[in-house]
Amino acid sequence: MFLEKGFDGTTTRDIAQEAGMNGALLNYYFRSKEKLFSLVFNELFELNFRGMLQIMNEPISLKEKITGLIDHDFQIFKSNPGLVTFLQNELHRNPDRFLNAICLEKSRIISVFDQQLQQAIEAGEVRPITIPHVLQLIAANVQFIFQSKVMVTRLWQMNNEEFERFVADHQQIVKDMICNYLFLPKADC
């Protein structure tokens, strides 16, 4: 319900009805819509960051990590189509909750990935860039396709199956584009 309607558009009555329980029971277990929302937000946030953390800490090449992060984000948003809008709305509605959650995860995510990125920059394999720029490149190029689904499908008269093929093609384009930007061609000796 929160993914579909957001925090403000969802009532406890809606949630209770969807769950097949009465409102009093919902209040007994969760005390308030805000507390229930916090649980849902934390679960969705953890789902996203758990996958990122796993990829960033794997003993694989930097290029494999970057393409893995792109694939992870596409999979998360394909599986949860309302998640992009949910995250955007929550970022604007309650930026402190969002920023606090990110700050807790930031130190777990950054260390191994940062070392690998810095080593690649020093070796001349990757153009000088910071982690926030890498992550923003990925987020912007992945999230917008899901956020603009209604516009894209109507403008280009796509059905759901055609849109899914479009997303798969776009996923490969994003991987190629970001890797071609980040990784420098090897100099011939």
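1. UniProt positions are given in the numbering used here, feature names are shortened, and annotations may be inferred rather than shown by experiment. The unreviewed UniProt entry annotates residues 1-48 as "domain: HTH tetR-type".

2. The model is predicted, with local features needing pLDDT of at least 70 and side-chain atom pairs counting only at pLDDT 80 or more, while totals for chains, interfaces and linings use all residues. Residues are numbered from 1 along each chain as its sequence is written, and side-chain values use heavy atoms, without hydrogens and water.

3. Residues 1-48 are 83% helix and 0% strand, with 19 Å between the end C-alpha atoms. Helices (H or I, at least four residues) and strands (E, at least two) are DSSP runs, numbered from the N terminus.

4. The domain assignment, automatic or from a database, divides the protein into domain 1 (1-31) and domain 2 (32-182). Their C-alpha centres are 28 Å apart. Domain 1 gives 10 residues to the contact and domain 2 gives 13, where contact means heavy atoms within 4.5 Å.

5. About 1,200 Å² is buried between domain 1 and domain 2, 77% of it on carbon and sulfur atoms. Buried area is the accessible area (1.4 Å probe) that two parts lose on being put together, summed over both. Of the area that domain 1 buries against domain 2, F2, L3 and F7 supply 57%, more than any other three residues.
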